[in-house]
Amino acid sequence: ISPKKKFEFIIGRKGRGDRVPVTMWLPKNRGPFPATLLIHPEGEIGINRKVAFLLKSLLKKGHLVMSLDCFNTGKATDMTDSSSSKFFTTYNRTPAALRIQDILTGLAYLKNRKDVSVINLVGLEEAGLWCLLARSLAPRLNTTVVDVAQFPNHIDQAYLNKLFIPLIRRAGEFKTALTLSPTTRLLIHNTGNKFDTSWVKQIYKITGSESELRIEMDRIPLSDMASWIR
């Protein structure tokens with residue numbers, strides 16, 4: 001990938017003080033481009049080390065590709081995490097909630113670019129869970145691909161261990177998130193026998209959008225992932 005086509009910068013929300021490190025790759029063709037936001041739990045480093053094939057495939061298809069380092073990942077790991085402190089969550093957001101906000105900030109940035117036609121979101125490894133929750137509050141997405149990392153979404157302890165957001169189960173967790181989201185093209189993979197997808201199947205069936213939903217028990221190859229993204 002030509003260094004001239006790779007850009008690194010910081011984005012954030014006005015008046016909020018957040019700073020999200022971003023890496024963006026531009027294809028050789030001229031815009032407007034379809035844009036794909038790749039989210040890896042290790043940030044941009046994880047993209048280059050583990051899914052470089054997916055990055056190159058999307059660039060060949062003419063996509064603008066962007067990754068960002070969510071809270072306490074990649075270049076953002078020097079940020080202080082005090083979430084284990086007593087009463088921290090009474091007034092503050094947890095790391096999982098902050099990561100979801102960073103993804104929403106990245107999607108909002110892409111939406112405001114004049115050279116972007118449609119936006120896709122890809123969540124890799126455990127970052128797929130963050131992306132699936134972010135999707136419910138995001139601008140309308142063209143295609144979403146998420147690895148749910150065989151997360152047992154019906155067990156309280158799993159949220160405490162890996163996706164701690166106070167009262168998330170009372171708010172309906174993934175059921176609410178998937179109900180609020182438009183029934184656009186969605187691929188959920190690596191469910192194992194643990195991540196319950198019956199709810200999302202019902203939603204897509206009721207809305208007559210079954211052809212836009214794909215669910216796979218195993219983690220799919222990167223080549224399959226690239227072909228699913230329109």
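The model is predicted, so local features need pLDDT of at least 70 and side-chain atom pairs count only at pLDDT 80 or more, while totals for chains, interfaces and linings use all residues. Residues are numbered from 1 along each chain as its sequence is written, and side-chain values use heavy atoms, with hydrogens and water left out. Helices (H or I, at least four residues) and strands (E, at least two) are DSSP runs numbered from the N terminus.

**The largest pocket**

- The largest pocket has a volume of about 360 Å³, where a pocket is an open set of points on a 1 Å grid over the protein atoms alone at which a 1.4 Å probe fits, with protein on both sides within 12 Å along at least five of seven lines.
- That volume is the space filled by probe spheres set on the points, with grid points joined across faces, edges and corners.
- Its lining consists of 15 residues, and Ile100, Leu133, Ser136, Leu137 and Ile165 are the ones that lie nearest its centre; a lining residue has an atom within 4 Å of a point.
- Helix H4 (95-111) and helix H7 (173-180) are the elements that give two or more residues to this lining.
- By class, the lining holds 10 nonpolar, three polar and two charged residues, with Ala, Val, Leu, Ile, Met, Phe, Trp, Tyr, Cys and Pro counted as nonpolar, Asp, Glu, Lys and Arg as charged, and the others, Gly among them, as polar.

**Helix H7**

- Glu173, Phe174, Ala177 and Leu178 of H7 are buried, a term that stands for under 20% relative accessible area with a 1.4 Å probe and protein chains only.
- Viewed down the axis of H7, these buried residues fall within an arc of 110°, so they line one face of the helix; the arc is taken over the directions from the helix axis to the C-beta atoms.
- The cover over the buried residues of H7 includes helix H5 (127-134), helix H6 (156-162), strand S7 (185-189) and helix H8 (198-206), with contact meaning heavy atoms within 4.5 Å.

- Seven of the seven residues of strand S3 (residues 33-39) are buried, so the strand is largely enclosed by the rest of the structure.
- Phe33, Ala35, Leu37 and Ile39 lie on one side of S3 and Pro34, Thr36 and Leu38 on the other, and both faces are covered.
- S3 runs parallel to strand S5 (residues 116-123), to which six bridges join it, and Thr36 stands opposite Asn120 in S5; two strands pair if DSSP finds at least two bridges between them.
- With strand S4 (residues 64-68), S3 pairs in the parallel sense over four bridges; here Leu37 stands opposite Met66, and Thr36 stands opposite Val65.
- In S4, five of its five residues are buried, with Leu64, Met66 and Leu68 pointing one way and Val65 and Ser67 the other way.
- S4 also pairs with S2, in the antiparallel sense over four bridges, and Val65 in S4 is the bridge partner of Trp25.

**Two single residues**

- Thr23 has its place in strand S2 (residues 20-25) and counts as buried at 1% relative accessibility.
- Leaving aside neighbours within four places in sequence, the contacts of Thr23 are Lys6, Phe7, Glu8, Glu44, Val65, Met66, Ser67 and Lys75.
- Phe71, in the loop between S4 and helix H3 (88-91), is buried with a relative accessible area of 10%.
- The C-alpha atoms of Phe71 and Val20 are separated by 7.8 Å, although the two are 51 residues apart along the chain.

Key:
Buried means under 20% relative accessible area, exposed over 50%, partly exposed in between (1.4 Å probe, protein chains only).
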